[in-house]
Amino acid sequence: MCAHVLVAEDDAMQAELIRRSLLAEGHTATVVHDGSAALDAVRRDRPDLVVLDLMLPVIDGFGVCRVLRRDDDIPVLMLTARAAEDDVLLGLELGADDYMTKPYSPRELMARIRTVLRRSGSAAGRRDDPVVRAAGIAVDPARHEVRCDGKPVDCTPAEFQILLALVGEPERVFSRRQLLQCTRGYDRSSTERAVDVHIMNLRRKIEADPRRPARLLTVFGVGYKLSGART
């Protein structure tokens, strides 16, 4: 079951860890760092599930959950350092589908997410097609297939994970370090500079002219992004 998950977490390192874990499971993810941005993202993107920290700036997680339950039925998994019984009970009473405390195991978090999605049926109901598409590129995590303008593209496992991250969040600029993390488990010996090689190889496969890329762009001093919109 592949889903689009909204991660509302003010700690950038925690958010990135969750995002990478979701991508490794074949999901796509949007990350926001405050409660107001979380509500805006829900209205804009209609995610299948929200992973919600409680101690968010602007609007805290309890406030976000109140609004979601008033206006929507999107599943919510609260993930927080607040482990007091009163906090757990309040979160569940507000309508959270699950409540998980930090520190946590990423594997357990992914298992909890699978359970909530299965129980709610949200991903199956709204996302019959798990393929991620942007800029003429289609990435199918379930089948480990890539197509560019309808034509199959052969990718190494590391290239596939990098492309999945880029297509999942077009126009987002990824640093080399972030893209390197996407390849962990597939390319353990890589360095950040190895990401440049993966990008160069991907350009040969998806660009009409790899020397003048129109899709996979360099953002100088930062990293790379996929230019285009989700389709």
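Axes are lines fitted to C-alpha atoms, for helices over the stretch in contact, and angles run from 0 to 180 degrees between N-to-C directions. Helices (H or I, at least four residues) and strands (E, at least two) are DSSP runs, numbered from the N terminus. The model is predicted; local features need pLDDT of at least 70, side-chain atom pairs count only at pLDDT 80 or more, and totals for chains, interfaces and linings use all residues. Residues are numbered from 1 along each chain as its sequence is written, and side-chain values use heavy atoms, with hydrogens and water left out.

Confidence is given as pLDDT, the predictor's confidence in each residue, from 0 to 100. The protein chain has a mean pLDDT of 86, and 91% of its residues reach 70 or more. Helix H6 (residues 122-126) has the lowest confidence, with a mean of 47, whereas E11 has the highest, at 95. The pLDDT is below 50 over residues 123-128. Beyond near neighbours in sequence, that stretch still has 19 contacts in the model, a contact being heavy atoms within 4.5 Å. Residues 185-189 also stay under 50. For them the model has 5 contacts beyond four places in sequence.

Two strands pair if DSSP finds at least two bridges between them. E6 is joined to strand E7 (residues 137-140) by 3 bridges, and the two run antiparallel. Ala-134 stands opposite Ile-137 in E7. Asp-149, in the loop between E8 and E9, has phi near 55°, a positive value in a residue other than glycine.

Another open sheet is formed by 3 strands, in the order E10-E12-E11, and its pairing is antiparallel. Its edges are strand E10 (174-175) and strand E11 (216-219); each has a single partner strand, so one side of each is left without a neighbour in the sheet. Between E11 and strand E12 (residues 223-226), which run antiparallel, there are 4 bridges. Thr-218 stands opposite Tyr-224 in E12. Helix H7 (residues 157-168) packs on this sheet and touches E10, E11 and E12; its direction makes about 65° with that of E12. Helix H9 (residues 192-206) packs on the sheet too, touching E11 and E12, and its direction makes about 145° with that of E11.

The axes of H7 and H9 come within 10 Å and cross at roughly 75°. H7 and H9 are therefore roughly perpendicular to each other. Angles under 35 degrees count as roughly parallel, over 145 as roughly antiparallel, 65 to 115 as roughly perpendicular and the rest as oblique. H7 contributes Ala-158, Glu-159, Ile-162, Leu-163 and Leu-166 to the contact, and residues of H9 include His-198, Ile-199 and Leu-202.

The whole structure holds 20 salt bridges, each a side-chain nitrogen of Lys or Arg within 4 Å of a carboxyl oxygen of Asp or Glu. One joins the side chains of Lys-102 and Asp-53 (3.7 Å, N to O). Lys-102 lies in the loop between strand E5 (98-101) and helix H5 (106-120), and Asp-53 in the loop between strand E3 (49-52) and helix H3 (61-71), so the pair ties together parts 49 residues apart in sequence. A cis peptide bond, with omega about -5°, joins Lys-102 to Pro-103.
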